[in-house]
Amino acid sequence: IDHLHPNPSCKVDNIYISRHCPIDQCGLVTSQYHREHGTILLLWQKEFMNGSCNHAPQSDLQLTAIIKVPLSAQHNPQVSFDGRRLVVFGQDHIGLIVLIYHVLSTREDQHSFSTTKSFPAQKSIQGDDSGGVTNLGIEHRVKFVNRIRQIGLGGLEYYDSMFMTCNERFIIVNTKAGNLVGGSSYCAATEGLFIIDLEEHA
């Protein structure tokens, strides 16, 4: 997989584990950051999911997907992983953006994963799927489903810190463009928190 990873020897900066799903079931996500290549996310899961092979022996976690996050290398993005959804908050060449990926971890989610449409985009010259996803196994485990770009996601300079927290329904990020949301008559404050409803976007 060295040809798929721009810098495989780069140190692991963070490990993301679901708070509500055991590692044996959902796996984990590691991130590596390089100032030239940006952020690379790696999904580690077992080869066989529950129900996929009843007589399969216990296996270790394996690398199942590589995500070359299509964001600027200038900002280290915020990442959240709950076992079913991977959310990335960062900045690209246009501005601040939220990227949403669906992760297949159990057979119970097979139908919803299969029926969710990938975000329409052309493949890159490396053959990566939309959103920088490269699935390594026969069965795809990660799918890029949406990018959220909104006027309320803005105002942060390169020296400002980005913050994000989320659950199954909402994403909350910091913003310095709150006065632009819904028009100035609705919100006079500039700095604050911007809330995104995932039922409308993913």
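This briefing covers the cavities, the disulfide and the salt bridges of the structure above. The model is predicted, so local features need a pLDDT of at least 70 and side-chain atom pairs count only at pLDDT 80 or more, while totals for chains, interfaces and linings use all residues. Residues are numbered from 1 along each chain as its sequence is written, and side-chain values use heavy atoms, with hydrogens and water left out. The structure holds three cavities of 30 Å³ or more, one disulfide and five salt bridges.

**Cavities**

- A cavity is here a set of points, on a 1 Å grid over the protein atoms alone, where a 1.4 Å probe fits but cannot get out, and its lining residues have an atom within 4 Å of a point.
- The largest cavity has about 60 Å³ of space, where a volume is the space filled by probe spheres set on the points, which are joined across faces, edges and corners.
- Twelve residues line the largest cavity, and those that lie nearest its centre are D24, Q25, K46, M49 and S105.
- Helix 1 (23-26) and strand 3 (38-46) each supply at least two residues of this lining, and helix 1 gives the largest share, namely four residues; helices (H or I, at least four residues) and strands (E, at least two) are DSSP runs, numbered from the N terminus.
- Sorted by class, the lining of the largest cavity has four nonpolar, five polar and three charged residues, where Ala, Val, Leu, Ile, Met, Phe, Trp, Tyr, Cys and Pro count as nonpolar, Asp, Glu, Lys and Arg as charged, and the others, Gly among them, as polar.

**Cysteines**

- A disulfide is a covalent bond between the sulfur atoms of two cysteines, and it is assigned here to a pair of cysteine sulfur atoms within 2.5 Å.
- C21 and C26 are joined by a disulfide with an S to S distance of 1.6 Å, and their link is right-handed, with 85° about the S-S bond.
- Both C21 and C26 are buried, a term that means under 20% relative accessible area, whereas exposed means over 50% and partly exposed lies in between (1.4 Å probe, protein chains only).
- C10 also counts as buried because its relative accessible area is 15%, and C166 is buried because its relative accessible area is 14%.

**Salt bridges**

- A salt bridge is a side-chain nitrogen of Lys or Arg within 4 Å of a carboxyl oxygen of Asp or Glu.
- One of the salt bridges brings together the side chains of D24 and K46, at 3.8 Å from N to O; this pair links distant parts of the chain, with D24 in helix 1 and K46 in strand 3, 22 residues apart.
- D24 is exposed, because its relative accessible area is 57%, whereas K46 counts as buried at 13% relative accessibility.
- R107 and E139 form another salt bridge, in which the closest N and O atoms are 2.6 Å apart; this pair also links distant parts of the chain, with E139 in the loop between strand 8 (133-135) and strand 9 (142-148) and R107 in the loop between strand 7 (96-103) and helix 2 (110-115), 32 residues apart.
- E139 counts as partly exposed at 28% relative accessibility, and R107 is partly exposed with a relative accessible area of 26%.
- The side chain of E139 also meets that of R141 in a salt bridge of 3.4 Å, N to O, and R141 is buried because its relative accessible area is 4%.

How values were computed: On a 1 Å grid over the protein atoms alone, a cavity is a set of points where a 1.4 Å probe fits but cannot get out, and a pocket is an open set with protein on both sides within 12 Å along at least five of seven lines; lining residues have an atom within 4 Å of a point.
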